[in-house]
Every structure is written in C-alpha cells, then in structure tokens.
Amino acid sequence: MKFTDMDMLQDYEKDARMATMAYALIQTEIIDPTLREIISKASNEAAKAQQKAANLILSRGDRP
C-alpha cells in the first residue's frame with residue numbers, strides 16, 4: 001500500500017486531535033496544580049498543531 005503526503009498529513013492531524021483529547025482527560029485526574037498547568041499547556045499546544053494541520057489540509061482542498 002502506498003501512502004500519499006495527504007494521507008500522512010491527515011494521519012498527523014488525527015493524532016494531534018487525539019492527543020488534545022487525551023491531555024484534557026488526563027488533566028481532570030491531576031490534583032497537583034503545577035502538573036495540571038503543564039498538562040494544560042500540552043493540550044493547548046496539541047490543539048494548535050491540530051488546527052494548523054487541519055487548515056493546511058483544507059487549503060489543499062481536502063477534508064481533515
């Protein structure tokens with residue numbers, strides 16, 4: 001099976017979306033405020049990466 005660049009970009013976008021959700025879920029289990037803030041930042045960064053990948057996919061005329 002041969003994958004295109006778009007296939008890989010869509011896979012990355014999906015992984016970034018999943019990471020965002022996972023970090024948000026993990027954050028609800030953390031009691032320590034410092035660690036909770038670190039995980040919150042990780043979730044936000046993953047969301048930014050997902051948004052950039054989704055925008056790139058959309059600009060190429062495809063769907064994320």
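Which side chain meets that of glutamate 45 in a salt bridge? The partner is lysine 48, with an N to O distance of 3.3 Å, and this pair is one part of a predicted model that holds four salt bridges. The briefing below turns to the packing of the helices and then to the charged pairs.

**Helix packing**
- Helix H1, which covers residues 5-29, packs with helix H2, which covers residues 33-59, at an angle of about 155 degrees and with the axes 8 Å apart.
- Because an angle over 145 degrees counts as roughly antiparallel, H1 and H2 are roughly antiparallel to each other, and their crossing is left-handed.
- The contact of H1 with H2 has 17 nonpolar residues, together with seven polar and three charged ones.

- Arginine 17 and glutamate 13 form a salt bridge whose closest N and O atoms are 2.7 Å apart, and since they lie four residues apart in helix H1, about one helical turn separates them.
- Within this pair, arginine 17 is partly exposed at 35% relative accessibility, whereas glutamate 13 is buried at 2%.
- Lysine 14, placed in helix H1, meets aspartate 15 in a salt bridge of 3.2 Å, N to O, and a network of salt bridges links Asp11, Lys14 and Asp15.
- Lysine 14 is partly exposed, with 37% relative accessibility, and aspartate 15 is partly exposed as well, with 39%.

**The pair in helix H2**
- Glutamate 45 and lysine 48 are three residues apart in helix H2, so about one helical turn separates them.
- Glutamate 45 is partly exposed at 47% relative accessibility, and lysine 48 is partly exposed with a relative accessible area of 45%.

Key. Residues numbered from 1 in each chain as written. Predicted model: local features only at pLDDT ≥ 70, side-chain atom pairs only at ≥ 80, totals over all residues. Heavy atoms only, no water. Axes fitted to C-alpha atoms, helices over the stretch in contact; angles between N-to-C directions. Helix = DSSP H or I, 4+ residues; strand = E, 2+ residues; numbered from the N terminus. Parallel < 35°, antiparallel > 145°, perpendicular 65-115°, else oblique. Left-handed = near helix turned anticlockwise from the far one by under 90°. Nonpolar A, V, L, I, M, F, W, Y, C, P; charged D, E, K, R; others polar. Buried < 20%, exposed > 50% of the residue type's maximum accessible area, 1.4 Å probe, protein only.
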